[in-house]
Amino acid sequence: MLELVEVGILEEEDIEHATSATFNPNRCGFEGKGEIWVENILNLGVSPSKLIEIMKTRFNSCDGVILEGLGVSSIRVYDDAAIFITGTESSFFTVMVHLLRVTVKIR
């Protein structure tokens, strides 16, 4: 999840909001080696529905367009964009997504 923060897709508060179970602090020890106290290593239960809702809200706030109920027939990935071709021969959309900018262009 921290990788998503590093590339700017999520913020640390988003992870905290989507994590449904935390266990802090935790004591770890091995016989003859002593013990240490650790934090945030057993935070479990990331709620997919909360995470999707966070991303949907952020995407919509950036004028993103969500196309539900459409099948994807192909995806072309480039260094700075991805093009999703959806639909059938008689009607199709081409959706161009500029990576890491969260902008969508439909033509």
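**Burial, core and local contacts in the predicted model**

Of the 107 residues of the protein chain, 19% count as buried. The structure is a predicted model. The accessible surface of the chain comes to about 8,300 Å², and carbon and sulfur atoms account for 56% of that area. Three helices and eight strands are present in the protein chain, and their order along the sequence is α-α-β-β-β-β-α-β-β-β-β. When contacts in the chain between residues at least 6 apart in sequence are considered, 28% of them join residues at least 24 apart.

The largest nonpolar core consists of five residues, namely Leu10, Ile15, Ala18, Leu51 and Ile54. Helix H2 (12-18) and helix H3 each contribute at least two residues to this core. In soluble globular proteins, nonpolar side chains tend to be buried together. Isoleucine 54, one of the core residues, touches Leu10, Asp14, His17 and Ala18 when residues up to four places away in sequence are not counted.

Helix H3 spans residues 48-61. With 14 residues, H3 reaches 20 Å from its first C-alpha to its last, close to the 20 Å expected at 1.5 Å a residue. Buried positions in H3 are Leu51, Ile54 and Phe59. These residues lie on the same side of H3, because they cover an arc of only 130° around the axis. An α-helix has 3.6 residues a turn, so residues three or four places apart point the same way. The exposed residues Ser49, Ile52 and Ser61 are carried by the face of H3 that is turned away from its buried side. Just after H3, aspartate 63 adopts a positive phi of about 65°.

Serine 47 counts as buried because its relative accessibility is 15%, where the cut-off for burial is under 20%. The side chain of serine 47 forms a polar contact with the side chain of serine 49, at 3.2 Å; serine 49 itself is among the exposed residues of H3. Serine 47 is also 6.4 Å from serine 20, C-alpha to C-alpha, although the two are 27 residues apart in sequence.

Threonine 19 belongs to strand E1, which comprises residues 19-21. With a relative accessible area of 16%, threonine 19 is therefore buried. A polar atom of its side chain lies 2.7 Å from the backbone oxygen of isoleucine 15, and isoleucine 15 is itself a member of the largest nonpolar core.

Valine 38 is found in strand E3, residues 34-38. The relative accessibility of valine 38 is 17%, so this residue also counts as buried. Leaving aside neighbours within four places in sequence, valine 38 is in contact with Asn24, Pro25, Asn26 and Cys28.

Technical notes:
Residues numbered from 1 in each chain as written. Predicted model: local features only at pLDDT ≥ 70, side-chain atom pairs only at ≥ 80, totals over all residues. Heavy atoms only, no water. Helix = DSSP H or I, 4+ residues; strand = E, 2+ residues; numbered from the N terminus. Buried < 20%, exposed > 50% of the residue type's maximum accessible area, 1.4 Å probe, protein only. Polar contact = N/O pair within 3.5 Å; in protein donor to acceptor, adjacent residues only side chain to side chain. Expected span 1.5 Å × (residues − 1). Arc of directions from axis to C-beta. Contact = heavy atoms within 4.5 Å. Areas by Shrake-Rupley, 256 points an atom, 1.4 Å probe, with all protein chains shown as cover. Core = buried A, V, L, I, M, F, W, Y, C linked by side-chain atoms within 4.5 Å.
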